[in-house]
Amino acid sequence: MKDTAKHQGLRNQLVKQLEDKGIKDINVLNAIKKIPRHLFLNSSFEDFAYQDKAFPIGAGQTISQPYTVAFQSELLQVEKDHKILEIGTGSGYQTAVLVTLGAKVYSIERQNELFKTTKLLLPKLGIRPSHLTFGDGYKGLPQFAPFDSIIVTAGAPIIPQALLSQLKIGGRLVIPLGDDVQVMTLLVRKNETQFEKTEFGDFRFVPLLENKN
Ligand code: SAH
């Protein structure tokens, strides 16, 4: 569990690339500069951890590409103490970015193997989400709702209605929508019944699946 000057140097280069690709939020860039992404991956990927790529994390899942993590984090417009629901904890890397931004993070993962590994890893890295759950993200977490924002980190074939109902008025849902390719979609809750939708280009995610495994 080492984080060296070499890792820091690679992280600085990665952040430069993200800026070149259009990421502007300085808080997001600083969080990525701080978080040792190589420690969220199996050690066999250590040499590649600061490439702007997704990598396998077990159970057929992947850690999201840093650009995707940065893009989604920027869309959330995180403020300190925002209560954020994340669907798809996976490696915990996106969780770590949101916690580092000062958010209170509630995260759900449907693969038990990943849930258990990540629950042990995050505190070792000094990252303390408010709540990690093994369960089905389609249902959200009604007992902790409403949320300032919700981020879905797997490709969703539909917008889960439970997630819309768990957003505060003014709250933001960032969700990649689609089957083979997903369109990054932002829904902002205007009032009890209306949501304003904006679309932001194509991304590729592992699928959002129902039930737990
Ligand atoms: N944020 C993660 C992304 C992991 S990939 C990271 O950066 O590492 C997406 C994750 O969503 C996978 O771990 C997958 O198991 C999980 N997932 C898929 N469907 C889900 C569901 N219905 N509820 C909760 N998690 C789900």
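Modeller: A polar contact is a pair of N or O atoms within 3.5 Å. This is a predicted model, where local features need pLDDT of at least 70, side-chain atom pairs count only at pLDDT 80 or more, and totals for chains, interfaces and linings use all residues. Residues are numbered from 1 along each chain as its sequence is written, and side-chain values use heavy atoms, with hydrogens and water left out.

Biologist: Which side chain has an N or O atom 3.4 Å from a nitrogen atom of the ligand?

Modeller: That of E86. Backbone atoms take part as well. An N or O atom in the backbone of G137 is 2.7 Å from a ligand nitrogen. For R110, a backbone N or O atom is 3.3 Å from a ligand nitrogen. The protein buries 99% of the 580 Å² that the ligand exposes when taken alone (accessible areas use the Shrake-Rupley method with a 1.4 Å probe).

Biologist: How many residues surround the ligand?

Modeller: Count a residue as near if one of its heavy atoms lies within 4 Å. Here 26 residues surround the ligand, and T62, S91, E109, G137 and L209 are the closest. By class, ten are nonpolar, twelve polar and four charged. Gly counts as polar, and Asp, Glu, Lys and Arg as charged.

Biologist: Which strand gives the largest share of the shell?

Modeller: Strands are DSSP runs of E, at least two residues long; helices are runs of H or I, at least four. β2 gives the largest share, three residues. β2 (61-63), β3 (83-87) and β4 (104-109) each supply at least two.

Biologist: Is helix α3 mostly covered or uncovered?

Modeller: Buried means under 20% relative accessible area. In α3 (residues 66-76), ten of eleven residues are buried, among them Y67 and F71.

Key:
A polar contact is a pair of N or O atoms within 3.5 Å; within protein, one must be able to donate a hydrogen and the other to accept it, and residues adjacent in sequence count only if both atoms are side-chain atoms. Buried means under 20% relative accessible area, exposed over 50%, partly exposed in between (1.4 Å probe, protein chains only).
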